[in-house]
Amino acid sequence: MSVQVTGISGIPLIQKGDDIPAIICANTGFENGDIICIASTIVSKAKGYVRPLAEIVPTPDAERISAKTGEDPRFIQGVLDSSADIIIEYPFILSELPFGHVGVRAGVDNSNIEGENIILLPKDPMAEAREIREKIHEITGIDVGVIVTDTCGRAFRRGQTGSAIGWAGMTAIRDFRGDRDLFGLELEITEEAVVDEIAAFSNFIMGESNNGIPVVKFSGCETWKGHNSLYFTREEDLIRKALHIR
Ligand code: GDP
Ligand code: MN
Ligand code: MN
Ligand code: MN
């Protein structure tokens with residue numbers, strides 16, 4: 001497999017109401033099977049998943065956590081409001097979002113937005129990915145895969161990487177179960193989270209600061225078969241069961 005990876009330049013500073021699929025199509029061409037990674041930051045800005053800090057009134061819970069972490073209690077309140085379940089509270093909030101993703105500070109972000117605003121993750125990133133894929137198809141007639149990404153920390157290792165929080169036109173997981181290895185051994189548990197691998201590399205092209213590259217195109221990826229159960233259920237997630245730290 002030989003894959004070409006291209007950061008798409010020419011994307012403006014995204015404002016509420018901007019048509020992301022149209023903007024992407026105006027700045028690059030596609031072929032069937034291309035995969036487009038899009039930073040959740042611009043999806044959220046376009047869709048208005050942004051809150052001015054001035055409009056957030058912190059609850060006592062937010063004040064209590066803020067006294068420990070030193071973060072703005074309004075920011076903490078934004079994180080709490082985004083969360084379906086708080087797993088770790090201190091030294092940083094780690095929580096589950098309603099769509100299943102577990103992230104530090106619920107993925108609430110104060111980078112790459114002007115003024116005193118916070119960017120929330122899109123409410124339904126799978127639907128956002130589907131919509132962008134369908135609109136790109138309407139505009140160009142071409143079938144692409146779409147991955148909405150966010151930069152996330154991870155357990156056990158230093159350094160953030162890109163993760164997929166929504167995807168369309170592919171399965172999240174490439175399932176090797178039942179395949180045989182080089183020596184004929186049947187694989188029983190190997191599943192590969194391909195959407196995260198692609199998101200991680202797209203994050204390398206995007207960078208975190210002032211690159212201005214929120215969209216990355218992958219051409220030449222072979223297709224794969226698998227399933228979409230990327231998130232552990234609560235019963236399956238052994239590490240999470242062992243946590244819940246206050
Ligand atoms: P996140 O990982 O989704 O939180 O997004 P980041 O804040 O890390 O931004 C990813 C990339 O997109 C970086 O190269 C940013 O400079 C760029 N970026 C963020 N917002 C915009 C925007 O509105 N317009 C453009 N052109 N680039 C942006
Ligand atoms: Mn950011
Ligand atoms: Mn982010
Ligand atoms: Mn990022």
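# Strands, domains and a ligand shell

Student: How many bridges join strand 2 to strand 12, and which way do the two run?

Tutor: Four bridges join strand 2 (residues 35–39) to strand 12, and the two run antiparallel. Helices (H or I, at least four residues) and strands (E, at least two) are DSSP runs, numbered from the N terminus. Two strands pair if DSSP finds at least two bridges between them.

Student: Before we go on, what kind of model is this?

Tutor: It's a predicted model, where local features need pLDDT of at least 70, side-chain atom pairs count only at pLDDT 80 or more, and totals for chains, interfaces and linings use all residues. Residues are numbered from 1 along each chain as its sequence is written, while chains are lettered from A and ligands numbered from 1 in the order in which they are written.

Student: Okay, back to strand 12. Which residue there is the bridge partner of I36?

Tutor: That's K217. Strand 1 (residues 4–7) also pairs with strand 12, in the antiparallel sense and over four bridges. There, V5 has F218 as its bridge partner.

Student: How many residues of strand 12 are buried?

Tutor: Four of the five residues in strand 12 (residues 215–219) are buried, so the strand is mostly covered. Buried means 20 or more other C-beta atoms within 10 Å of a residue's own, exposed means 12 or fewer, and partly exposed is in between, with C-beta atoms placed from the backbone.

Student: And V57, is that buried or exposed?

Tutor: V57 is exposed, because it has 9 other C-beta atoms within 10 Å. You'll find V57 in the loop between strand 3 (50–52) and helix 3 (60–69). From V57 to R74 it's 17 residues in sequence and 6.3 Å in space, C-alpha to C-alpha.

Student: New topic: what are the domains here?

Tutor: Domain 1 is 1–48 + 125–231 and domain 2 is 50–120; those bounds come from an automatic or database domain assignment. Taken over C-alpha atoms, their centres are 25 Å apart.

Student: How many residues of each domain are in contact with the other?

Tutor: Eleven residues of domain 1 are in contact with twelve of domain 2. Contact means that their C-beta atoms, placed from the backbone, lie within 7 Å. On the domain 1 side, helix 2 (40–47), helix 5 (125–140) and strand 8 (145–152) each supply at least two residues. Helix 2 gives the most, with three.

Student: What about ligand 1, which residues come nearest?

Tutor: Of the 21 residues around ligand 1, the nearest are A39, T41, T151, N211 and P214. To count as near, a residue's C-beta atom, placed from the backbone, must lie within 6 Å of the molecule or strand.

Student: Which helix gives the most to that shell?

Tutor: Helix 2, with four residues.

Student: Last one: what's the strand order in the open sheet of three strands?

Tutor: It's 11-10-13, with antiparallel pairing. Strand 11 (191–192) and strand 13 (226–227) are the edge strands, each pairing on one side only. Strand 10 (residues 173–175) is joined to strand 13 by two bridges, and I173 has H227 as its bridge partner in strand 13.

Methods: Two residues are in contact if their C-beta atoms, placed from the backbone, lie within 7 Å.
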